[in-house]
There are 2 protein chains.
Amino acid sequence: MAQIYRIDLEPIGRRIEVAGGTNLLEAAQQAGIDLVAACGGIGICGTCRIRLVTGQFSPVSLVEEEQLRPEELAAGYRLACQAEVHSDARVEIPPESLATTQRVQVEGQDVEIDLDPSVFPFDIELDPPGLNDLRSDLTRVNQALGEADYPPVRADLAVLEALSQFLREHDWKARLAIRPEAAITHLVGALPEGEPLLGLAVDMGSTKLAVYLVELATGVTLARSGVMNPQISFGEDVVSRIAFANKGEDNRKLLQTRLVETFNQSAAELCKAANVRMEQIVDAVVVGNTAMHHFLCGLPVRQLGAAPYVPAVSEALDVRAGELGLAIAPGAGVHLPANIAGYVGGDHVAVLLTTQAFDSKKTLAAIDIGTNTEISLLHDGQIYSCSCASGPAFEGAHIHDGMRAAPGAIERVRISGKDVQVTTIGNTAPVGICGTGILNAISEMLEWKVLDKRGVFDRQDARVRLYNHKAEFVLAQGVGRDIVVTRQDINEIQLAKAAIRSGIEILLEEAGIPAEAVDDWIIAGAFGTYLDLNSARRVGMFPNMPLERFHQVGNAAGVGAKQMLLSVRKRGEANLLARQVHYVELTTHPNFTRTFMETMYF
Amino acid sequence: MAQIYRIDLEPIGRRIEVAGGTNLLEAAQQAGIDLVAACGGIGICGTCRIRLVTGQFSPVSLVEEEQLRPEELAAGYRLACQAEVHSDARVEIPPESLATTQRVQVEGQDVEIDLDPSVFPFDIELDPPGLNDLRSDLTRVNQALGEADYPPVRADLAVLEALSQFLREHDWKARLAIRPEAAITHLVGALPEGEPLLGLAVDMGSTKLAVYLVELATGVTLARSGVMNPQISFGEDVVSRIAFANKGEDNRKLLQTRLVETFNQSAAELCKAANVRMEQIVDAVVVGNTAMHHFLCGLPVRQLGAAPYVPAVSEALDVRAGELGLAIAPGAGVHLPANIAGYVGGDHVAVLLTTQAFDSKKTLAAIDIGTNTEISLLHDGQIYSCSCASGPAFEGAHIHDGMRAAPGAIERVRISGKDVQVTTIGNTAPVGICGTGILNAISEMLEWKVLDKRGVFDRQDARVRLYNHKAEFVLAQGVGRDIVVTRQDINEIQLAKAAIRSGIEILLEEAGIPAEAVDDWIIAGAFGTYLDLNSARRVGMFPNMPLERFHQVGNAAGVGAKQMLLSVRKRGEANLLARQVHYVELTTHPNFTRTFMETMYF
């Protein structure tokens, strides 16, 4: 009998078990994951491209040598229909090889703001040089700016290099992108007359990146995309990526490079979709947790990986796009708002910014759920913030049949009497279960007393069975196997929800108020958007407050980033918010362990 | 009989003629140029390395394959003793292969200035982070600066990246190099406690680069060097280099790269000599003519190569060392003073700065002699400046037996009666004649009426002989051949001196004063330093004013660069001087052609 191997499929986060010698296309199909395979798996279409990260496979076949370029083969690319599994392995499925796309949160609660971008257009029409007018190209530009009371230009050499040729090719007419600052006018670039200036707002989650292409003069979002964070191949949470980065300078640089490549690729796709040029992107705001911020900026992360977990930089940064390797306008700046602490970053500052849409006289709780969950309590002019290691369970990781919110994932479970009904994303046959689904399942099991408050199964229940002496609950018949919830899964969810709930409790304690005093519970983040609030309250992730107090605002961090892109004033406000925060370090808080143990119960 | 080929030896600027099949070591020896050849030319020592630029030679020999690395062979390196000449050719002799070094002007008239550098040290000793002190690394630094009333830091990511590790490795003690500016403190770098901050002043001549390593706190020059401009291989004057650059983007980048490589190599050598580290160099000032400025900055030069010859940038620039690829402190800035016009650059602004050492109430003429000669007339609070295409004749180029001021060059000629006595640099056997020498020779020939005022030889004179029906004057018996002054040589010098003299005359005319009104004639530049003033007056390069009015100040451009390095105030003054200049374009001046023709006469 063939050996059984485990295959981790990234970035969708699904682990499957297959017999040795199975090819990866069959393996994915057995697991219900649809790869593009136009030729039906006979190796002639080249559409089922995947990338081998670790593990042993059959040698490269002749058809692969025909279908893939040498540099692709060198980078680990294979055709799924040709690569046979010979060991446990990790495989990356590029988005273009997935027949259906994943559901990624890019929308948020947009609010109206006064447009006040940092970069704006300045249209010029200059006299060309002549024998009686020997002024340099830059002097001509400076004098045109001076007539409008702008101070002289400071610009990167790359911008000045392009300027001379641009002016000559465009008959000395141009739309300059300028960013005034005190006694300097930063020249970002020169565009043809009338071209709109654009900006990029990016929310870097540990798992997903949301990228928005925005017109600066109108605030209109021209295009948006949600892509997987390419760093997932190096560790599914930031802690493991920090460990990876600390193994060597090259590793740290690799994390940066892969991220920037993905940004550039996303920006190029958005520009194509919106029919604009990359050079029109003259400004960017990027938010992310502190580790993602440091990875992007190429800052050291060693000190983030060990107590007391201090950032290298917590101040808001304005860096040059060129420093990061972003292929937008050569003189564009990138604004990164302040980090609050080692595990509360600028993305949470962006979330705090969006809470301004709520009544500031009320008491608010803002909870941004992710692999790391950041919580802030805004009460009586004070802001208390903390970070909880909620882990990737809500992303479907560390769950027996877990997967991310992709087609085939069970997202809803209904138990009635002896019946169990499941609904999947895309209404396809069930492939696994996503975070929303498992929370829903547990909530139902509690309701029907299949589970007790400690998280122990009622072994008398007909749907609970024993496997290797361990109890598990059969949810549905999946593709080729049952989809179950195990005792271990219950425990993972208990840990995750206790992490969030104990954060909430400690902040309430710091503020000296009961949960009832919180008027509005703002639930942000992709998982938070699709979360079934009833289930979340039922399992005790949140206090049992009236449903109308909860607001699922979507990707608030992305919305906050957009606000900062469109308004310099918002950047200032974000900076003030960050400074105002009383950061509460949970790991050293005297009541944390007790609270955490208590909140483990359902 | 073997074919005769012409070989141009760079960077010393000597053209020799040899029979086909001669190897380059023999050829150089025949011309009196000493190459290092430790083994005597049998191909076993590898010391006579030269680089082939153009031309055909014998194939690479087995001994060369042993002595040279593949990448050296690929770059055109050969052993002079092995490479036999098969066509006209151009060969570059690396400095290490020359047995004697060239004489290069690096000294100038130093003046005392008030030290006011742009970068200075700020010593810090910080508390390390702890569980009760979670401030980020940068916050700690900012708070230390804030206590001394400095605004918060702005720094390149490369600087911030290095800072965290530096602080941890140095027990949270550091000497910061800071550059305050309005509401920002630029962080240049972090050094170990007590390390002096250094700066680099560079004068980029078309032919030679003078580099000074200076201690910012004291103004002491720790080390200096004069190296050949590596761009010589691509054209001996800036006009031919502009033509080379305009042939393609890659060419322009190559000119920049070769220049920056030479800077880095020079800086490394100076640091080694002074026993300091490159990271201690926290500031730099670079001056050069407008073309050199644009080559260094990677700015386009197409518009410098055609009328009306406008610079892309005439404003003073503050660029980042990293933008240029300079391997000094990662956050160091490089200041480049303003350019006056397409052919009057920041080097002349530096010369103007040094004229402040003279009485400002007097009328001054500042003449910086080079391949291009810049002249300024300072009179009654006005500055009139022009540029003269004096050409490379004074560097020994385009002269039959010309060479640069290197050992073996005739630098002094005395005619008395029938005798001709010559003195060579290094008192070796004569190899050729340098600019100073030929000027001296012409002056003597005029004195002894061997030449008339039109520059025509007296063919009755015994020392004048005919060669191919053309008259030439035999100066000395060189190594293997006579060293002569030809009619063509006389004409080259007439063109060169007329270019300078007509510039002087036009400026006097613009100012409305006679030559007598000029109190001080300031003669700058390497050639100007070694120039025999009597000869220069005699041939009419300068007006016939009393000798005591002439001041040979050496490399004034380099001294001006040093002043700007040591004083921010001087940078401001230089900027004002540049703006004050009335630039006079000679090529379109109505009286230029007539004046030029008149000043051709001796």
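The entries below cover the interface, the aromatic pairs and the salt bridges.

**Entry 1: the interface.** I noted that the model is predicted. I looked up the contacts between the two chains and found 45 residues of chain A touching 45 residues of chain B. I then took the buried area, which comes to about 3,400 Å² between chain A and chain B, with 59% of it on carbon and sulfur atoms. On the side of chain A, the residues that lose the most area to chain B are A:L134, A:L157 and A:E161, together 19% of what that side buries.

**Entry 2: polar links across it.** I counted 24 residue pairs in polar contact between chain A and chain B, both residues at pLDDT 80 or more. The elements of chain A that give two or more residues to this side are α4 (137–147), α5 (157–169), α7 (249–274), β14 (317–320) and α9 (321–324). The largest share, six residues, comes from α5(A). By type, I have 21 nonpolar, nine polar and 15 charged residues on the side of chain A that touches chain B. I also found eight salt bridges across the interface. In one of them, A:E161 meets B:R252 at 2.9 Å, N to O.

**Entry 3: aromatic pairs.** I listed 16 aromatic pairs over all chains. I looked at A:F122 with A:Y150, which is edge-to-face, with 5.6 Å centre to centre and 85° between the planes. The partners are 28 residues apart: A:F122 lies in strand β6 (residues 120–125) of chain A, and A:Y150 in the loop between α4 and β7 (153–154). Is A:F122 buried or exposed? I have it as buried, because its relative accessibility is 13%, under the 20% cut-off. A:Y150, at 22%, is partly exposed.

**Entry 4: salt bridges within the chains.** The total over all chains is 63 salt bridges. I checked three further examples.

- B:R465 and B:E472 meet at 3.0 Å, N to O. B:R465 is partly exposed at 32%, whereas B:E472 is buried at 6%.
- A:E72 and A:R69 meet at 3.6 Å, N to O. A:E72 is buried, with a relative accessible area of 11%, and A:R69 is partly exposed at 48%.
- B:K173 and B:D171 meet at 3.5 Å, N to O. B:K173 is partly exposed at 21%, and B:D171 is exposed at 54%.

Notes:
Residues numbered from 1 in each chain as written. Chains lettered and ligands numbered in written order. Predicted model: local features only at pLDDT ≥ 70, side-chain atom pairs only at ≥ 80, totals over all residues. Heavy atoms only, no water. Contact = heavy atoms within 4.5 Å. Buried area = accessible area lost by both parts, 1.4 Å probe. Salt bridge = Lys/Arg side-chain N within 4 Å of Asp/Glu carboxyl O. Polar contact = N/O pair within 3.5 Å; in protein donor to acceptor, adjacent residues only side chain to side chain. Helix = DSSP H or I, 4+ residues; strand = E, 2+ residues; numbered from the N terminus. Nonpolar A, V, L, I, M, F, W, Y, C, P; charged D, E, K, R; others polar. Phe/Tyr/Trp six-rings, centres within 6.5 Å; stacked < 30°, edge-to-face > 60°. Buried < 20%, exposed > 50% of the residue type's maximum accessible area, 1.4 Å probe, protein only.
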